[in-house]
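Me: I would like to learn how to read a structure like this one. Please take the features one at a time.

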Amino acid sequence: MRAFHVLAIAATAIILAAGCAANDRVAPTNDGETAHMVAEAKLTAHYIAAALEAGKSPEEINATLMEIANTSVIAEFWVSDETGRVEFTTQPGLDFAFPTDPDAGTQAAPFADLLLGNKQVVTQAMQPREADGKPFQYVGVTGVDQPRIVQVGIAGPAK
């Protein structure tokens with residue numbers, strides 16, 4: 001029965017996230033859309049906890065996140081461990097760790113407050129991504145199973 005409950009939570013997260021069709025990709029422009037991104041990040045945090053409890057491998061978890069990113073408005077997922085090192089992502093092959101100092105001066109630095117327990121939610125406005133200049137908006141929440149950063153990203157319109 002417990003396995004069914006865990007998989008039901010995971011399926012709910014997938015269904016809710018996939019409710020936004022990929023062809024509806026638009027740049028978030030108001031607080032309502034940011035609030036929606038926060039909800040997506042929270043669902044992702046619960047999915048990660050449920051998937052790990054169910055014994056899913058990192059490859060299986062990443063495949064699910066990739067499926068959601070390929071079929072929804074969410075373009076990227078970044079989920080760290082308790083040290084800030086990314087464990088799960090839709091960007092395979094990238095070795096990335098979030099800074100652990102929220103004042104480090106990088107785009108990712110404010111999310112350190114999630115690891116430090118200073119904040120439960122961190123939101124950013126649409127801005128050029130530090131890595132490549134593409135417009136992105138990122139929102140992150142704390143993990144539900146352990147200290148971690150659970151971040152979702154939405155791509156803005158191409159210039």
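Me: How many helices and strands are there in the protein?

Reply: Helices (H or I, at least four residues) and strands (E, at least two) are DSSP runs, numbered from the N terminus. The protein has four helices and six strands, and along the sequence they follow the pattern α-α-α-β-β-α-β-β-β-β. The model is predicted: local features need pLDDT of at least 70 and side-chain atom pairs pLDDT 80 or more, while totals for chains, interfaces and linings use all residues. Residues are numbered from 1 along each chain as its sequence is written, and side-chain values use heavy atoms, leaving out hydrogens and water.

Me: Which strands are joined to β6 by bridges?

Reply: Two strands pair if DSSP finds at least two bridges between them. Strand β1 (residues 76-80) runs antiparallel to β6 and is joined to β6 by four bridges; Val 79 has Val 150 as its bridge partner there. Strand β5 (residues 135-142) is also antiparallel to β6, with seven bridges, and Gln 137 is partnered with Ile 154. A hairpin of six residues connects β5 to β6.

Me: Is β6 mostly covered or uncovered?

Reply: In a regular strand the side chains alternate between the two faces of the sheet. Buried means under 20% relative accessible area, exposed over 50%, and partly exposed in between, with a 1.4 Å probe and protein chains only. Strand β6 (residues 149-155) is mostly covered, with six of its seven residues buried. Of the 159 residues of the protein, 42% count as buried.

Me: Is Asp 31 buried or exposed?

Reply: Asp 31 lies in helix α2 (residues 31-53). Asp 31 counts as exposed because its relative accessible area is 67%.

Me: What is the volume of the largest pocket, and which residues are closest to its centre?

Reply: Rolling a probe the size of a water molecule over the atoms shows where empty space is left. A pocket, on a 1 Å grid over the protein atoms alone, is an open set of points where a 1.4 Å probe fits, with protein on both sides within 12 Å along at least five of seven lines; lining residues have an atom within 4 Å of a point. Points are joined across faces, edges and corners, and the volume is the space filled by probe spheres set on them. The largest pocket has a volume of about 350 Å³. It is lined by 18 residues, of which Trp 78, Phe 96, Arg 129, Ala 131 and Tyr 138 are closest to the centre.
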